[in-house]
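Please examine the sequence and the three-dimensional structure shown below.

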Amino acid sequence: MDVELRQLRFLVAIVDAGSFTDAALDLGVSQAAVSRTLAALEQTLKVRLLHRTSRTIALTPTGAQLVPRARRLLAEMDELVREATSGHARLRVGHAWSALGRHTAYFQRRWAELHPEVDLLLIRTNTPSGGLAEGVCDLAVVRTPPDEKHFAVTEVGLERRFIVMAGDDPWARRRSIKLDEVRTRTVMSDRRTGTTSADLWPTGEQPVLEDTADVDDWLARIAAGGVVGITPESTATQYGRAGVVFRPLRDAPPVAVRVIWPRHDPHPATQAAVALITEIYQGR
């Protein structure tokens, strides 16, 4: 069965315009072309899609089912065409949780100043590659060791670790917490993309780790009390909210911030983005 996108587009145009005449005007074709195209679609499907008189049109039950799906299909195709024809006019930067932390806004503004011809889009995808392996971004900022077999990687900076707790937690009154003290607590962690694991406490008793898969769920669980979290300082600046407090975690190793991108066929703006991110982390 050969259904053409053009046929679906004509069907949707007729429904939106309310008449064959107006649809022809909107499409920039003759009314006869609109009629022929709809007839060809109905012939292909072997079903009537519209009831039409000289003055009105109405969808048949089958037409009423088909049109919403046709709209979605056409929208997806339009997006695909935009992606293909825009070339490299947009740079998608993925991240799992907290982008560049306190540097995020500056990076966005500075990029717009230096590269106005390339739109910058930040995309949060909670996967180990920050969306790069999934194809939703062109490069990604990650804080866990990447797959260097498939991705090129550069370390751009280090971030301190913070402990996160409910605002009424007894530790909230303190200015900092020692890593060793956390052994007695239940710690919320993200096994897929997080930087907190039992390896932070190489010897002796380790805390209970409770799993989460999203930064918003993580914060909501911590705000409810009874558990704490450990995170890079970028999370503290990117996701500060009422009900939770962030305190420096002493004696904890810093977290490496890395930028990764495909080894083959990288986005042309990759090196410019990596250079700017590196400059920001080293200079601010």
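## Basis of the model

The structure is a predicted model. Residue numbers start from 1 along each chain, as its sequence is written.

Helix H1 (residues 5-17) packs against helix H2 (residues 20-27) at an angle of about 120°, and their axes are 8 Å apart. Angles of 65 to 115 degrees count as roughly perpendicular and those over 145 as roughly antiparallel; H1 and H2 are therefore oblique to each other. The crossing of H1 over H2 is right-handed. On the H1 side, the residues that meet H2 are Phe10, Ala13, Ile14 and Ala17. Their counterparts in H2 are Phe20, Asp22, Ala23, Asp26 and Leu27.

H1 also packs against helix H3 (residues 31-45): the two axes come within 9 Å and cross at roughly 115°. Here H1 passes H3 in a left-handed crossing. The contact involves Arg6, Gln7, Leu8, Phe10, Leu11 and Ile14 of H1, together with Ala33, Val34, Thr37, Leu38, Ala40 and Leu41 of H3.

## The five-strand sheet

An open sheet with mixed pairing is built from five strands in the order S4-S3-S5-S13-S6. From one strand to the next, the twist averages 20°.

Strand S3 (residues 90-95) runs parallel to strand S4 (residues 119-124), and six bridges join the two. S3 also pairs in the parallel sense with strand S5 (residues 139-142), over three bridges. Gly94 takes part in both pairings: its bridge partner in S4 is Ile123, and it stands opposite Ala140 in S5.

S3, helix H5 (residues 104-114) and S4 form a right-handed β-α-β unit. H5 lies across S3 and S4 and runs at about 155° to S4.

## The six-strand sheet

A further open sheet holds six strands in the order S8-S12-S7-S11-S9-S10, again with mixed pairing. Its edge strands are strand S8 (177-178) and strand S10 (208-211), each of which pairs on one side only.

Within this sheet, strand S11 (residues 228-232) is mostly covered, as five of its five residues are buried. One of its pairings is with strand S7 (residues 161-166), in the antiparallel sense over four bridges; in this pairing Phe162 has Thr231 of S11 as its bridge partner. S11 also pairs with S9, in the parallel sense over two bridges, and there Gly229 in S11 is the bridge partner of Met188.

Strand S9 (residues 186-189) pairs in turn with S10 in the parallel sense, over four bridges. Ser189 stands opposite Asp211 in S10.

## Two buried residues

Is Trp261 buried or exposed? Trp261 belongs to strand S13 (residues 255-262), and its relative accessible area of 10% makes it buried, because buried means under 20%. Apart from neighbours within four places in sequence, Trp261 is in contact with Leu132, Asp138, Leu139, His150, Phe151, Ala152, Val153, Thr154, Pro266, Thr270, Gln271 and Val274. The C-alpha atoms of Trp261 and Thr127 are separated by 15 Å, and these two residues are 134 residues apart along the chain.

Ser234 lies in helix H7 (residues 233-238). Ser234 has a relative accessible area of 2% and is therefore buried as well. Which residues does Ser234 contact, leaving aside its neighbours within four places in sequence? They are Ser98, Gly101, Arg143 and Glu159.

## Summary

The model contains an open sheet of five strands in the order S4-S3-S5-S13-S6 and an open sheet of six strands in the order S8-S12-S7-S11-S9-S10. H1 crosses H2 in the right-handed sense and H3 in the left-handed sense. Trp261 is buried, and Ser234 is buried.

Definitions and conventions: Predicted model: local features only at pLDDT ≥ 70, side-chain atom pairs only at ≥ 80, totals over all residues. Heavy atoms only, no water. Pairing = 2+ DSSP bridges. Buried < 20%, exposed > 50% of the residue type's maximum accessible area, 1.4 Å probe, protein only. Contact = heavy atoms within 4.5 Å. Right-handed = clockwise from strand over helix to strand, strands pointing away. Axes fitted to C-alpha atoms, helices over the stretch in contact; angles between N-to-C directions. Parallel < 35°, antiparallel > 145°, perpendicular 65-115°, else oblique. Left-handed = near helix turned anticlockwise from the far one by under 90°.
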